[in-house]
Amino acid sequence: MLRSLAELHAVARRWAELEARALEPNPFFGPGFLLPLLEARGWLPGLRVLLCRDPDGELLTFLPVMRSGLGPGSSVPTLRSAYTPAQPHGFLGTPLVRRDRAGDALDRLLDALDRGLPSGGLLELIGHAEDGPVAELLERRLAARRQPVLVLPGWSRRLFRRRASAEAYLAEALGTRHRAELRRQRRQLERLGVPTLRRLAAGEPVAPWVEAFLELEASGWKGRSGTALACDPADRAFFVAMCGALHAVNRLAFDALELDGRPIAIACSLRADASPRAAEFVFKIAFDERLARQSPGVQLQLALLSERHATEDAPAWVDSCAAPTDSFYRRIWLDERRLGHLLIAARRPPWPTVLAVSALARRLRERWRAARAGRSGA
């Protein structure tokens, strides 16, 4: 278990090797993202990193966790995976697990839980891809080991996968009136200038893209509310360093819709790897709010949708990384990915009992809420 930035730097090379060999991608837990974040913001209070190694020192698992309680006001200590969709940013909680030794890697993690982690015998996994290979393998290993586990409600968010054509995709996603409205907005943009789609190219300087994004995001409501990246020196430093580190290894995507060469919407995404069809994870999107009537953010997504259907080098899939309540991607993107929530207990006393009591308390609380809702509706 790592407790400091210096310890994290010491394993950076093997950590990068693990990310490259991972059964399932999670750039938010990779060194290109997490190291710049912690260097800019400092080591987060309660942060720990769970590692499993083989005898040669090769990393088999990597899971950042936060020391927490079992619930609001609870004194039962828990280690919770570092899924933090609000700042300081972390939109996926899937652990990095070495592909060719995945079963062994997960068993070592669960063995460590059984032996006793510093914060007790409860591991809370949240925000991981419930429909991904890591979750599927973990479910089998938990069952085989008879590991006590409580499955808690998960949620979903939008995912993009191609259809036969852009026309077929839009016909399935949008009604006739909605498509007509978006075409009208596009014509309005065209009367203001020439809209073009542009992508950051490999080897192109990334700094102008970074500054353009920061400026565009800060010009809108996030700037006025103080939540834009540029409003916080630590957030700005993180974003600049992260973009530089990932672009250097072809793991960063910037897409912009420009109007006569001026960006009116920009999306920043993280790529799963450097291959041409690597999956992407949307990190941030910003648009010019002065053109809100023309929906520049949606127009950017429509342009990307057409581009992704027109080339074989398009991403295999794109994770919106959006909140469950998001309406922006739900307007257009058809597919979904499920995010899970598990509470796993050590097999030694008293942790199976603690988990059983927690499950009972949750059921009673749900029944009480349902009964209260029934009385209110009567």
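Mentor: Helices (H or I, at least four residues) and strands (E, at least two) are DSSP runs, numbered from the N terminus. Bear in mind that this is a predicted model, where local features need pLDDT of at least 70, side-chain atom pairs count only at pLDDT 80 or more, and totals for chains, interfaces and linings use all residues. Residues are numbered from 1 along each chain as its sequence is written, and side-chain values use heavy atoms, with hydrogens and water left out.

Start with His 89, which sits in the loop joining β3 (77-81) to β4 (96-97). His 89 isn't a glycine, yet its phi is positive, about 75°. His 89 is also buried, at 3% relative accessibility (buried is under 20% relative accessible area, exposed over 50%, partly exposed in between, with a 1.4 Å probe and protein chains only).

Now jump to Ser 295, in the loop between β10 (280-287) and α11 (296-310). Here's another non-glycine with a positive phi, this time near 50°, and Ser 295 counts as buried too, at 14%. You'll find Pro 350 in the loop between β12 (335-345) and α12 (351-377).

Asp 107 belongs to α4 (residues 102-115) and is buried at 16%. Skipping neighbours within four places in sequence, Asp 107 has Arg 141 and Arg 145 in contact with it (contact: heavy atoms within 4.5 Å).

Next, look at α8 (residues 207-218) and α10 (residues 233-247): their axes come within 10 Å and cross at roughly 145° (axes are lines fitted to C-alpha atoms, for helices over the stretch in contact, with angles from 0 to 180 degrees between N-to-C directions). On the α8 side the meeting residues are Val 210, Glu 211, Phe 213 and Leu 214, and on the α10 side they're Arg 236, Phe 239, Val 240 and Cys 243.

Cys 243 takes us to the cysteines. The model has 0 disulfides (a disulfide being a pair of cysteine sulfur atoms within 2.5 Å). Cys 268 is in none, and the nearest cysteine sulfur to it, that of Cys 243, is 4.4 Å off. Cys 268 is buried, at 0% relative accessible area. Cys 321 is buried at 9%.
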